[in-house]
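I opened this notebook to record what I looked up in one structure.

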Amino acid sequence: MEEAFAQATGCQTQAAGCQTAEVTASPAIALPTGDEALALMASRHSVRCFTDEPLSADEVRTLQEAVEICNRASGLSIRLVTNEPDAFRCLTAHYGKFRGVSNYLIMAGAPGADAPTSSRQAAPAATPVAPAEATSSDASVPDADLEERVGYWGQRLVLLAQSMGLRTCWVALTFAKRKVKETLPDGVEMPCVIALGHGVSDGKAHKSKAAEKVSNLTSDSPAWFARGVQAALLAPTAINQQSFFLELLSDETDDGTSPRGAKATGETAKAQDCETGDRLASAKPRVRATDKGGPYSGIDIGIIKHDFQLAAGADNFTWE
């Protein structure tokens, strides 16, 4: 992705020095929202070179708890692997300009395994980044395919790591993919891994498209939608392709004529008008996120949805 995404998934290896997070009950992750979320996103850039400073016990504990939360909410099989450099000791990793990677998240799951129903109506909590009491506010969590869920929940972990002073890089190709894949159980796939640790640098900002190229944002758009589009433009995408489109939908039908429902006459029409009016009055604005294709664009759209939602505020809209 930033590198061009690299595939990997749940690690159960007993190789020397390899440690993985165990999935146990734990509280939820809380991330800032609105402008604070934008500041966190703006501070985060892809980093491929890491120091030899190991993760502290507290850092490992916090990340493991977060992995457990994401797995329960998403149905994924994410694993945290620490003190294991072999996955990035290969020719492809050298080609990808990685150095000093010994910690990574294996983003894995079974294709077609839906997230728990309760997690689909939840949004990032509006409190400082840290493990906190579980909430049901993860409102528009995508329950689509494996790649989209990997992108959404992986980005949650990336931003948590950033808030902890750690640095990260999404990787899909340039690591020992076959070696990591051999550690996975049957039926589990690994769309990518996320390298993490103490960065040699903070990375650099990527070039970005104009907002009108990736959304229908106008001067009349609500502030929350503008924040969401800004967040999406800060988000990492494969080879920086930003191949998505965010659309704030009107209350009209898809053909732009009238509120949904077939034409009716007399009392039936009045009843439909009343029912439709009540529904539209109480309904939240709808936002459509379109994947325009490209390498690993399924992961990209999950990342985009996560960051848009975090900055826009899940209480302000629903996903179409």
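Predicted model: local features only at pLDDT ≥ 70, side-chain atom pairs only at ≥ 80, totals over all residues.

Residues are numbered from 1 along each chain as its sequence is written, and side-chain values use heavy atoms, with hydrogens and water left out.

Entry 1: the helix pair. I looked up helix 1 (residues 34-43) and helix 7 (residues 223-234), which pack at an angle of about 15 degrees with their axes 10 Å apart. Helix 1 is therefore roughly parallel to helix 7 (angles under 35 degrees count as such). I found that Gly-34, Asp-35, Leu-38, Met-41 and Ala-42 of helix 1 make the contact with Arg-227, Gln-230, Ala-231 and Leu-234 of helix 7 (contact means heavy atoms within 4.5 Å).

Entry 2: burial in helix 1. I list Gly-34, Ala-37, Leu-38, Leu-40 and Met-41 as its buried residues (buried means under 20% relative accessible area, exposed over 50%, with a 1.4 Å probe and protein chains only). Seen down the axis of helix 1, these buried residues fall within an arc of 160 degrees, so they line one face of the helix. Asp-35 and Glu-36, on the other side of helix 1, are exposed. The buried residues pack against helix 4 (146-163), helix 7 and helix 9 (297-312).

Entry 3: Leu-246. I located Leu-246 in strand 8 (residues 244-249). Leu-246 counts as buried because its relative accessibility is 0%. Its C-alpha atom is 9.4 Å from that of Phe-225, 21 residues apart along the chain.

Technical notes. Axes fitted to C-alpha atoms, helices over the stretch in contact; angles between N-to-C directions. Helix = DSSP H or I, 4+ residues; strand = E, 2+ residues; numbered from the N terminus. Parallel < 35°, antiparallel > 145°, perpendicular 65-115°, else oblique. Arc of directions from axis to C-beta.
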